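Good morning, colleagues. Please look at the sequence and the model on the screen while I speak.

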Amino acid sequence: MLKIQHNTKRLLLLLLCGLLASSGMAQTMPDALPGMARNAKASKAPEAVVTPVPSYLPMEKMSLELNIENLLSILEEYGVKHKEIVAAQAILETGHFTSRNCTENKNLFGLRHPGDGSYYTFDTWEESVKAYRDDVQYKYAGGDYYAFLHRIGYAEDRNYINKVRRIEKRIFPVLLADNDN
């Protein structure tokens, strides 16, 4: 019975993520850092989420499968604060890990070069988590994380904070309930 409930929750989570992606919540790729070039709308991306890593690459270049559970684990491992909010940002930024910037550049947060506004390219998606921590969260001194994102001008989209809140509120209660079983 528990296995059926677990599978049902996973199916509901997948359906919810698909609805979020198709509802337009992930249509605008916001700016990653204040003062950088403004983003254009997200482009359609291939279905593949994880690019296979050749076996001859060193272990540090190997990448975990990109899914919510692994993302939360890496956020925890790298000491990223407010990991549910940050994971919701990644889901919004990447259209649930399907955007071209995610699949080709391994960039989960729309992080850009300050000089020319081009997107950073990472060897693994885990490296983009480190970059988020080092380039965004180093400015965070505590308090309301949503207010922090607004204060630093994280996104051009005026509804960005509300979109991230909705994703966090819809997805993470399902995941937490799923982990309790």
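Predicted model: local features only at pLDDT ≥ 70, side-chain atom pairs only at ≥ 80, totals over all residues.

Residues are numbered from 1 along each chain as its sequence is written, and side-chain values use heavy atoms, with hydrogens and water left out.

Let me begin with the overall build. The protein has seven helices and zero strands; helices here are DSSP runs of H or I with at least four residues, strands are runs of E with at least two, and both are numbered from the N terminus. Read from the N terminus, the order of elements is α-α-α-α-α-α-α. Of the 181 residues in the protein, 42% are buried, where buried means under 20% relative accessible area, exposed means over 50%, and partly exposed lies in between, for a 1.4 Å probe and protein chains only. Among contacts (heavy atoms within 4.5 Å) with a separation of 6 or more, 61% join residues 24 or more positions apart.

I turn now to the helix pair. Two packed helices are described by the angle between their axes and the distance between the axes. The axes of helix 2 (residues 68-77) and helix 5 (residues 125-135) come within 10 Å and cross at roughly 45 degrees. Axes are lines fitted to C-alpha atoms, for helices over the stretch in contact, and angles run from 0 to 180 degrees between N-to-C directions. Helix 2 is therefore oblique to helix 5; angles under 35 degrees count as roughly parallel, over 145 as roughly antiparallel, 65 to 115 as roughly perpendicular and the rest as oblique. On the helix 2 side, the contact is made by N70, L71, I74 and L75, and helix 5 contributes W125, E126 and V129. By class, that contact has five nonpolar, one polar and one charged residues (nonpolar: Ala, Val, Leu, Ile, Met, Phe, Trp, Tyr, Cys and Pro; charged: Asp, Glu, Lys and Arg; polar: the others, Gly among them).

Next, the aromatic rings. Rings of Phe, Tyr and Trp (its six-membered ring) pair if their centres lie within 6.5 Å; planes under 30 degrees apart count as stacked, over 60 as edge-to-face and the rest as tilted. The count by this rule is seven aromatic pairs. What is the geometry of Y140 and F148? Their ring centres are 5.2 Å apart and their planes stand at 65 degrees, so the pair is edge-to-face. F148 also pairs with Y145, and this pair is tilted, with 5.2 Å centre to centre and 40 degrees between the planes. Y145 and F148 are three residues apart in helix 6 (residues 145-151), which separates them by about one helical turn. Y140 is buried at 11% relative accessibility, F148 at 2% and Y145 at 1%. Elsewhere, ring pairs link F109, Y132, Y154 and Y160 into a cluster.

Finally, the backbone. Most residues other than glycine have a negative phi. H82, in the loop between helix 2 and helix 3 (83-94), has a positive phi near 55 degrees and is partly exposed at 32% relative accessibility. H96, in the loop between helix 3 and helix 4 (100-105), has a positive phi of about 60 degrees, and at 19% relative accessibility H96 counts as buried.
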